[in-house]
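Q: I've got a model open on my screen and would like a close look at one part of it. Could you walk me through the aromatic side chains?

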Amino acid sequence: MIKNIVVFFLFTVALVGAEVPRVALPPPGPSRYYIHVVNGLSKLGLLVHCQSKDDDLGYHRLLNHGDEYQWNFKVNFWGTTLYWCKLETPHASVSFESFWPETQHLWLRDRCKHGTVGTCIWTAKDDGIYLRNFLANVDELIHKWI
C-alpha cells in the first residue's frame, strides 16, 4: 500500500515538474471595433454602402472633405464577423472588406489597434482608399480606385 502511494507521489512530481509545450496564441483582440469611413477627397462627394452578411448599414452620402460615416460592433461568438464596403464617386468606385476575422495573421488587428480599442479608419483619397496604421502613425494605400 505504501509502495503504491510512493509510486503515485513520484509519478505526480515527475508529471508536474515536466515542461509542457506551450502553443503561442495571438493576444486577444479588442471586444468592440469602431469602423470609420472618411471622405478625404479634394473635390468630390462620396457615396458609402457598408454591410455584413446579417446587417446592411445602408447608403450614406459624405458630401464634404472630412465628413465621415462610422459604426461599431462586437465580434460574434464564432469570430467570423465580416464587413465590406463599396465607395463610389461620380467617376470611380471600389469594393473592399473593411473588417475581417483574423486567427493567425494579425495584419488588420495591428493596424486597427488604438490603445485597447479596435478602431479602423478607412479614408477615401484622390488616388485610392487608405487604412490608418496606428502603430506606424501613417495612412497606408490599400486599394486603388477602379
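Are Tyr-33 and Phe-73 buried or exposed?

A: Both Tyr-33 and Phe-73 are buried, where buried means under 20% relative accessible area, exposed over 50%, and partly exposed in between (1.4 Å probe, protein chains only). Before going on, a word on the ground rules: this is a predicted model, local features need pLDDT of at least 70, side-chain atom pairs count only at pLDDT 80 or more, and totals for chains, interfaces and linings use all residues. Residues are numbered from 1 along each chain as its sequence is written, and side-chain values use heavy atoms, with hydrogens and water left out.

Now the rings. A pair of aromatic rings is described by the distance of the centres and the angle of the planes. Rings of Phe, Tyr and Trp (its six-membered ring) pair if their centres lie within 6.5 Å; planes under 30 degrees apart count as stacked, over 60 as edge-to-face, and the rest as tilted. On that basis the structure holds nine aromatic pairs. Take Tyr-33 and Phe-73: their ring centres are 6.2 Å apart and the planes sit at 20°, so this pair is stacked. Tyr-33 belongs to strand E1 (residues 32–39) and Phe-73 to strand E4 (residues 68–74), so the pair ties together parts that are 40 residues apart in sequence. Those labels come from DSSP runs, numbered from the N terminus: helices (H or I) need at least four residues, strands (E) at least two.

Phe-73 has another partner, Tyr-83, and that aromatic pair is tilted, at 4.7 Å centre to centre with 40° between the planes. Since Phe-73 lies in strand E4 and Tyr-83 in strand E5 (residues 83–88), this pair ties together parts ten residues apart in sequence. Phe-73 counts as buried because its relative accessibility is 6%, and Tyr-83 is buried too, with a relative accessible area of 6%.

Zoom out a bit and ring pairs link Tyr-33, Tyr-69, Trp-71, Phe-73, Tyr-83 and Phe-99 into a cluster.

If you follow the chain on from E5, Thr-89 is in the loop between E5 and strand E6 (93–99). Thr-89 is buried, with a relative accessible area of 14%. Leaving out residues up to four places away in sequence, Thr-89 touches Leu-41, Leu-44, Gly-45, Leu-46 and Trp-145, a contact being heavy atoms within 4.5 Å. As for Gly-45, 44 residues separate it from Thr-89 in sequence, while the two are 6.4 Å apart in space, C-alpha to C-alpha.
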